[in-house]
Amino acid sequence: MALILLILFLHLSVSAVSADEDAFIGVNIGTDLSDMPSPTQVVALLKAQNLRHVRLYDADQAMLRALANTGIQVTVSVPNDQLLGIGQSNATAANWVARNVIAHVPATNITVIAVGSEVLTVLPNAGPVLVSALKYIHSALVASNLDGQIKVSTPHSSSIILDSFPPSQAFFNRSWDPVMVPLLKFLQSTSSSLMLNVYPYYDYMQSNGVIPLDYALFRPLPPNKEAVDANTLLHYTNVFDAIVDAAYFAMSDLNFTNIPIVVLESGWPSKGDSSEPDATIDNANTYNSNLIRHVLNNTGTPKHPGIAVSTYIYELYNEDTRPGSVSEKNWGLFDASGVPVYVLHLTGAGTVLANDTTNQTFCVAKDGADRKMLQAALDWACGPGKVDCSVLLQGQPCYEPDNVISHSTYAFNAYFQQMGKSPGTCDFKGVATITTTDPSHGSCIFPGSNGRNGTISTNGTSLAPSSNSTASGCPSQCFHGGNIVTNSVIIGILLVSAVFL
């Protein structure tokens, strides 16, 4: 009985969070590029990608002028190096608002001011003046009658949340209570959101194998792999939702139950050094495609299903002059010339970031992939995957070249096309990858080539085998020897206090 009451209490404790608006996807615009596009070029790219929400890391005057009369909603930022001055002087805050906000509205649709960035973890000596800075900025907005349309908040690293799993036991670092309590009071009184930076990539990298890659990438998990909060019995299928709910519970721990959350940064790097093997184009594509779909579907979180968690992708451009590891330079969706680093697959997710303008993307076997794993995945695609592999039979158009790489490439792509290029359907236990190069050759025309898309032949919705599925089941006469490898990988999510079904 006590457990039931606890669960009911935890379900009700943050029920006041409102679902009065749809979630949106925005993008962060960093400027550490050796060949930074002009503000006009940046805005042209935003328009082409139907991006209606952007976050600037400062209040660049040329950028704000270029954004004028576009309707794009803009978050401007007070850089950390200006925080101390603003937090100690109402006049300095008023001057900042006059120069960087009042001078540009209403032509430029500034809707949020982000004061500092991860101040409590990056610049802790400024922590004591953080709330003062927010209040001074807000007071300047009130004086100009802009407080109704422009909100003020400050983004936090998710690392300020301790004991984040299970989410129901999460709490903010107690040493920051003198800052967090008045901060949350301010956000509550001004109807503003808690800003959170959520990076499942780092949680995955720092877990030493405890967090499975599929759990970080939003890939589908079977029920017995979902993490379960023992206190609430809520199921978690991805790291992102678990972190957001941990923030809700951490606020509840301080008796704040009606403050919404906006994720100001989230993404995945497309390239890394030798110590970052999972910073790949395929993983970045999978994470960001799945994240965008998750947000725009108004899925919410297990704690708050249907409650908007609007999210800004980190980031628009690769920043080649950014200091640090290789991955630090490769979080962007585009290069400096506006060419996509990879083509997002967002069928059914609206038109935002619809950078697949040609629709010419294909799924192919990875170079150097293990032959036995290719054969197993080939068998699966032409069996349970319901791909029509008759063109691979001897005498048919795609029989030559007669090798497992060529045949599996055809089968992988046919499955990818018939599943609508959905995220996660070009994986096959890591032996497949997405390309924009048409693999058709001679009379062997691949599905998806020149606008010819594959179709689903049955009502089945089989998912391509990933790291948590088994490849099997194709008549042996279709392929090379027909040997079936069934090396299903079972990975447990060993998180403290988690329960697995």
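**Legends to the close-up views**

**Figure 1. Helices α13 and α14 are oblique to each other.** In this predicted model, helix α13 (residues 371-382) packs against helix α14 (residues 404-418) at an angle of about 40°, and their axes lie 9 Å apart. Angles under 35 degrees count as roughly parallel, over 145 as roughly antiparallel, 65 to 115 as roughly perpendicular and the rest as oblique, and the angles run from 0 to 180 degrees between N-to-C directions, with axes fitted to C-alpha atoms over the stretch in contact. Helices are DSSP runs of H or I with at least four residues, and strands are runs of E with at least two.

**Figure 2. Residues R371, L374, Q375, A377, L378, W380, A381 and C382 of α13 meet V404, I405, H407, S408, A411, F412 and Y415 of α14.** Contact here means heavy atoms within 4.5 Å.

**Figure 3. I150 lies in the loop between α7 (127-143) and β5 (151-153).** With a relative accessibility of 0%, I150 counts as buried, a term that means under 20% relative accessible area, computed with a 1.4 Å probe and protein chains only. Leaving aside residues up to four places away in sequence, I150 touches V101, V105, I110, T111, V112, I113 and L141. The C-alpha atoms of I150 and N109 are separated by 9.3 Å, although these residues are 41 residues apart along the chain.

**Notes on the model.** Residues are numbered from 1 along each chain as its sequence is written, and side-chain values use heavy atoms, without hydrogens and water. Local features need pLDDT of at least 70 and side-chain atom pairs count only at pLDDT 80 or more, whereas totals for chains, interfaces and linings use all residues.

Definitions and conventions: Buried < 20%, exposed > 50% of the residue type's maximum accessible area, 1.4 Å probe, protein only.
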